[in-house]
Amino acid sequence: TQLYPRIFSTPRSGRTVLACCVGNELHEMGIRMVCDMFEVHGWDSIYLGAALPEDAILRSIEEHSPDLVALSVTMPHHLPHSHAILQRIREHPQTSGIKVALGGQAFRMGPYLPRAWGADYTSQNAERLVQWANAQVYS
């Protein structure tokens with residue numbers, strides 16, 4: 001809550017991040033903080049929530065056309081869901097060009113997985129993710 005005055009006074013960049021937890025993942029605090037960090041840096045964030053089905057994620061990406069999709073996984077048994085939705089985003093004609101970042105505690109056990117799966121970026125640090133996104137996505 002201490003960030004909100006800063007968020008509301010920061011000029012908007014015209015960039016949008018869409019973020020959620022995949023599969024049945026309920027651990028949402030990390031990705032909510034990622035959204036706040038993007039907001040502090042002038043991005044608009046669309047937080048979809050936890051335990052989001054793949055079809056809902058794809059529909060939201062189509063509807064909002066974000067510059068970046070950030071997917072979070074905390075529990076390792078939800079990793080296959082992140083891989084599956086990443087593949088669907090890449091294969092879907094209306095979402096295939098969107099940048100996708102994967103992150104969360106589950107990737108500490110397999111930090112190589114996001115790159116091997118074709119994610120554009122992965123990080124355990126929200127500030128580094130925002131820095132990367134600002135360098136990659138132009139308004």
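# Exercises on a predicted model

Setting aside residues up to four places away in sequence, threonine 122 touches Leu102, Gly103, Pro111, Pro114 and Arg115, where contact means heavy atoms within 4.5 Å. The structure is a predicted model, in which local features need pLDDT of at least 70 and side-chain atom pairs count only at pLDDT 80 or more, while totals for chains, interfaces and linings use all residues. Residues are numbered from 1 along each chain as its sequence is written, and side-chain values use heavy atoms, with hydrogens and water left out.

## Exercise 1

Solution. Helices (H or I, at least four residues) and strands (E, at least two) are DSSP runs, numbered from the N terminus.

## Exercise 2

Task: give the strand order of the open sheet and name its edge strands.

Solution. Step 1: the open sheet has 5 strands in the order S2-S1-S3-S4-S5, with parallel pairing. Two strands pair if DSSP finds at least two bridges between them. Step 2: strand S2 (44-52) and S5 are the edge strands, each pairing on one side only. Step 3: strand S4 (residues 99-103) and S5 run parallel and are joined by 2 bridges. Alanine 101 stands opposite tyrosine 121 in S5. Step 4: S1 and S2 also run parallel, joined by 6 bridges. Alanine 19 has tyrosine 47 in S2 as its bridge partner.

## Exercise 3

Task: decide whether tyrosine 47 is buried, partly exposed or exposed, and describe its contacts.

Solution. Step 1: buried means under 20% relative accessible area, exposed over 50%, and partly exposed in between (1.4 Å probe, protein chains only). Step 2: tyrosine 47 has a relative accessible area of 25%, so it is partly exposed. Step 3: not counting residues up to four places away in sequence, tyrosine 47 touches Ala19, Glu28, Ile31, Arg32 and Cys35. Step 4: the side chains of tyrosine 47 and glutamate 28 are joined by a polar contact of 2.4 Å. A polar contact is a pair of N or O atoms within 3.5 Å; within protein, one must be able to donate a hydrogen and the other to accept it, and residues adjacent in sequence count only if both atoms are side-chain atoms.

## Exercise 4

Task: explain why cysteine 20 and cysteine 35 are too far from the closest cysteine sulfur for a bond.

Solution. Step 1: a disulfide is a pair of cysteine sulfur atoms within 2.5 Å. Step 2: the sulfur of cysteine 20 is too far for a bond because its closest cysteine sulfur, in cysteine 21, is 6.9 Å away. Step 3: for cysteine 35 the closest cysteine sulfur is in cysteine 20, at 9.2 Å, again too far for a bond. Step 4: a search of the whole structure finds 0 disulfides.

## Exercise 5

Task: list the buried residues of helix H2 (residues 29-40) and name elements that cover them.

Solution. Step 1: Ile31, Val34, Cys35, Phe38, Glu39 and Val40 are buried in H2. Step 2: the cover includes helix H1 (4-9), S1, S2, S3 and helix H6 (126-136). Step 3: after H2 comes glycine 42, with a positive phi near 90°.

Technical notes:
The expected span of a helix is 1.5 Å times one less than its number of residues.
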